[in-house]
Amino acid sequence: MQDHKLALFFRDALIIAFGVLIAAYVLGENRIHYDNFLSLFGVAIVISLFNAFLRPVMITFALPILISTFGLGSGLRALLNPRSLVGAILAFAGAAALLLWFINACIFKLADVVAGSSFVVNGFGSAMLGSIFTSCATLFICVIFGIKRQSVISQIFHNINFNATTNPPNIGNSEQARQPQQRRRNNNDDDVIDI
């Protein structure tokens with residue numbers, strides 16, 4: 001099972017490498033420079049690790065700032081004018097998208113710092129453009145090939161939840177554990193919703 005997770009991680013890193021390759025091709029060598037595809041794949045692994053472990057931390061620290069500044073202003077505006085609620089929600093969603101774009105650009109620039117001279121991003125503006133092109137290219141690749149990507153952390157939590165639901169603790173006799181479910185099935189009381 002661990003080999004499957006590792007294969008998915010390297011598949012996602014390969015997709016990111018193609019996304020960075022497309023971004024470097026579109027933006028030109030004066031903005032994003034890489035030595036060869038192997039160094040580009042190494043940078044994709046670094047970006048994947050940053051996305052898995054550093055990005056959630058950055059989002060956690062940035063979200064209260066977003067909520068306390070822009071979210072508060074748009075919420076007050078919605079209270080004063082109820083018709084502007086949709087506009088406030090759209091403005092808040094746009095600010096959240098800009099925040100995620102900024103975090104992706106920071107991760108792109110950090111990958112440049114870690115990679116050294118084998119991968120160079122000239123300036124933060126190039127990092128912002130590179131991150132948006134990489135995101136769009138990886139989304140396009142995933143849509144074309146029908147690939148569902150998950151971060152490493154979400155895969156771990158999914159497996160923990162999956163194991164917890166498929167292997168419930170043994171509570172006495174298995175026949176006793178089934179009896180409440182059978183009673184619910186046999187009881188055709190339409191007024192009660194069993195959860």
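The legends below describe close-up views of one predicted model.

**View 1. The whole chain and its elements.** The chain holds 6 helices and 2 strands, counted as DSSP runs numbered from the N terminus (helices: H or I, at least four residues; strands: E, at least two). Their order from the N terminus is α-β-α-α-β-α-α-α. Of 195 residues, 27% are buried, where buried is under 20% relative accessible area, exposed over 50% and partly exposed in between (1.4 Å probe, protein chains only). With contact defined as heavy atoms within 4.5 Å, 72% of the contacts between residues at least 6 apart in sequence join residues at least 24 apart.

**View 2. Helix H1, residues 2-27.** The end C-alpha atoms of H1 are 37 Å apart, in agreement with the 38 Å that its 26 residues should span at 1.5 Å a residue; the expected span is 1.5 Å times one less than the number of residues. Buried residues of H1 include Phe9, Asp12, Ile16, Val20 and Leu27. An α-helix has 3.6 residues a turn, so residues three or four places apart point the same way.

**View 3. From the end of H1 to strand E1.** Asn30 lies in the loop between H1 and E1 (32-34). Asn30 is exposed, at 58% relative accessible area. Its C-alpha is 9.4 Å from that of Ser126, although Asn30 and Ser126 are 96 residues apart in sequence.

**Notes to the views.** Residues are numbered from 1 along each chain as its sequence is written, and side-chain values use heavy atoms, leaving out hydrogens and water. In this predicted model, local features need pLDDT of at least 70 and side-chain atom pairs count only at pLDDT 80 or more, while totals for chains, interfaces and linings use all residues.
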